[in-house]
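Me: I am new to this structure and would like a close look at one part of it, the strands and how they pair. The sequence and structure are shown here.

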Amino acid sequence: MVRNPTGATGALVLSCGSTRCVFTGEARWLYTAWKTADPAREVSMSTTDTAVPGTPDCFDPVRVPVSGPLEDFLTRPGTGGTDTAAARDRLADLVARHLLGEPGALVLTGLPTEPGAARRAVLRVTGLLGSALPQNREGELVREVRDRGTAIGEGSRARYSDSRLGGSPHTDGAEAPLPAPDVFTLFCVRQSERGGALRLVHVRDLVRELSGHPDLLAVLREPFHFDRRGDQGPDEPPTTAKPVLFEQRGRPAVTYLRSYVEKGHAHPHVPPLSREQVAALDLLDRVVESDRIARSGKLREGELALFDNLSLLHGRTEFEDESGHPRLLLRTWVRLDDALYG
Ligand SMILES: [Fe+2]
């Protein structure tokens, strides 16, 4: 028997014969399939390889095999001149339709996964989109997203991207002052067999769901203190103040990672979160964690994904590295060229 999560406990109960397993909390985002030795007793925990049980992979409609000038530009080092212009035109068309339209993401498929080639491709696509932004005080332009054995927000510097844990819907650059990175890219070099699916919530859907609580919506439009994760300069405070919901590029935008906000307000120079602020964040979390407005999908090896970081909150399911094949994504943050906003 498979029983789906219920709102009260968020628990997922699987039972088969005398065996019974209960998963709670963020484990609701886990995906897996269980098989017993007897095929007649096969038990399936969710219907798809995604983070929202029973939903199709949200990337399928925006998976675009790279070809022609765009493929040449991303995979052949010597490409330039008119080929570059053609590659940019092709990408601009896809960006307008999918990245800045629906669903706020675009996945280029069929790229080589050799790490050097992957790094070149992710830098080249970033160059077509605009300019790469540093992702920490060391100025890293290409960040390896992999399990470094830390917990989210652990110590003064550890980040979501250093862990294997799931949940914690967020935007990239939540620890940095505004303006937020317009876009982030992920090149999937190695994917985990178990876990690692992405879960997306669009700010448009989030605001619509929150519209019944105008008082709390207003609180989210006032500044919170986000912990800088140690990226601040020697004369800068360890937090940056910014609203969770704001406007950038004339569009509704979101910046968020709950534990960075909580750590920010735990600093001695910052007032603790007020009751209204906690209530607003709790409501936001409940809405975002609801499967009603979430979409999910899982990147495959050789895919290069682009995400609208102003519009999308994202999280992932906890993953497990396999021996000799640890999950590895390469990430850039992008300031998008003005021309691409039309
Ligand atoms: Fe992220």
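How many bridges join β13 to strand β14, and which way do the two strands run?

Reply: The model is a predicted one. In it, β13 and strand β14, which covers residues 239-243, are joined by 5 bridges and run antiparallel. One place to look along this pair is His225, which stands opposite Ala241 in β14.

Another set of strands can be followed in the model. An open sheet is formed by 4 strands, in the order β10-β19-β12-β17, with antiparallel pairing. At its edges are β10 (167-170) and β17 (294-297), each of which pairs on one side only. From one strand to the next, the twist averages 25°. Strands of a sheet pair through backbone hydrogen bonds, and the pairing can be parallel or antiparallel. Within this sheet, strand β12 (residues 198-202) is joined to β17 by 4 bridges, and the two run antiparallel. Here Leu200 stands opposite Arg295 in β17.

Leaving aside neighbours within four places in sequence, Ala105 is in contact with Leu200, and its other contacts include Phe59, Val62, Leu99 and Phe307. Ala105 and Phe187 are the residues with the most contacts inside the largest nonpolar core, which has 71 residues. In soluble globular proteins, nonpolar side chains tend to be buried together.

Conventions: Residues numbered from 1 in each chain as written. Predicted model: local features only at pLDDT ≥ 70, side-chain atom pairs only at ≥ 80, totals over all residues. Pairing = 2+ DSSP bridges. Axes fitted to C-alpha atoms, helices over the stretch in contact; angles between N-to-C directions. Core = buried A, V, L, I, M, F, W, Y, C linked by C-beta atoms within 7 Å. Buried ≥ 20, exposed ≤ 12 C-beta atoms within 10 Å, placed from the backbone. Contact = placed C-beta atoms within 7 Å.
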